[in-house]
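Me: I have a structure open and would like to learn how to read its features one at a time. Can we go through it together?

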Amino acid sequence: MSDDPPSFRQTRRSLPIALLRARETVMGPLRQMLATSGINEQKWRVLRVLQERGPLELSQVAAEAVLLLSSLTRMIGPMVAEGLITRTTPPEDRRKSIVAITPAGLAFVQAHAAQSAAILGRIEAEFGHERLEQLLELLEDLQKLDLRGP
């Protein structure tokens, strides 16, 4: 048995670090877009999910917006107070909460749609349409892996 420590890839070729760097490349312009609006990227993701999918139960929103349920739960009150979303409890199951985008939330998303599309357009122009589609497919495949456990 060897006492040598496990070898690591160089950090520039480390998958977790590469994914974080790529995320920052993509999210930087979106953060700039949202900076003056008072809406952070997490709230933006919630609004986009609700705009796209319609009313959803909290756990579904958390999964679709890639948020911890506890983080989403803390965000809901302020988003309701800001008039961006509504929260209702179905009478048939008082344990559930359904959230939906309001007209004001939809107006916010629509007000930023052109700028958001321009950011994606720039990424697509610089990275290439085919490469972007391939990357998205590869990332979807990577998300399907179950790497928990031994």
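Me: Is Asp 93 buried or exposed?

Reply: This is a predicted model, so everything here is computed from predicted atoms. Asp 93 has a relative accessible area of 17%. Buried means under 20%, so Asp 93 counts as buried.

Me: Which residue forms a salt bridge with Asp 93?

Reply: The general idea comes first. Side chains of opposite charge can pair when their charged atoms come close. In this structure, Asp 93 pairs with Arg 95, and the closest N and O atoms are 3.1 Å apart. Arg 95 is exposed, at 76% relative accessibility, whereas Asp 93 is buried.

Me: How many salt bridges does the structure hold?

Reply: The structure holds twelve. One of them joins Lys 43 and Glu 82, with 2.9 Å between the closest N and O atoms. This pair links distant parts of the chain, 39 residues apart: Lys 43 is in helix α2 (residues 41-53), while Glu 82 is in the loop between α4 (69-81) and β2 (85-88). Lys 43 is buried at 11% relative accessible area, and Glu 82 is partly exposed at 39%.

Me: Which residues are linked in a network of salt bridges?

Reply: Arg 23, Glu 24, Arg 31, Glu 41 and Arg 45 are linked in this way.

Me: How many residues does α5 have, and where does it bend?

Reply: To read a helix, look at its span, then at its axis. Helix α5 has 25 residues and reaches 35 Å from its first C-alpha to its last, close to the 36 Å expected. There is a bend of about 45° at Ala 113. After the helix comes Gly 128, which has a positive phi, near 100°.

Me: Which residues of α5 are buried, and what covers them?

Reply: The buried residues are Gly 105, Phe 108, Val 109, His 112, Ser 116 and Ile 119. Their cover includes α1 (15-35), α2 and β3 (98-101).

Me: Where is Gly 83, and what does Gly 83 touch?

Reply: Gly 83 is in the loop between α4 and β2. Its relative accessible area is 26%, which counts as partly exposed. Leaving out residues up to four places away in sequence, Gly 83 touches Thr 102, Ala 104 and Gly 105. Gly 83 and Ala 104 are 21 residues apart in sequence, and their C-alpha atoms are 6.4 Å apart.

Me: Which residues form a nonpolar patch on the surface?

Reply: Leu 15, Leu 19, Leu 142, Leu 145 and Leu 147 form one, with about 470 Å² of accessible area together. Leu 145 is found in the segment after α6 (129-143), and Leu 147 lies in the segment after α6 too. Leu 147 is exposed, at 69% relative accessibility.

Technical notes
Residues numbered from 1 in each chain as written. Predicted model: local features only at pLDDT ≥ 70, side-chain atom pairs only at ≥ 80, totals over all residues. Heavy atoms only, no water. Salt bridge = Lys/Arg side-chain N within 4 Å of Asp/Glu carboxyl O. Helix = DSSP H or I, 4+ residues; strand = E, 2+ residues; numbered from the N terminus. Buried < 20%, exposed > 50% of the residue type's maximum accessible area, 1.4 Å probe, protein only. Patch = residues over 30% accessible without salt bridge, like charges linked within 9 Å, V, L, I, M, F, W, Y side chains within 5 Å. Areas by Shrake-Rupley, 256 points an atom, 1.4 Å probe, with all protein chains shown as cover. Expected span 1.5 Å × (residues − 1). Bend = angle between axes of the 7 residues up to and from the residue. Contact = heavy atoms within 4.5 Å.
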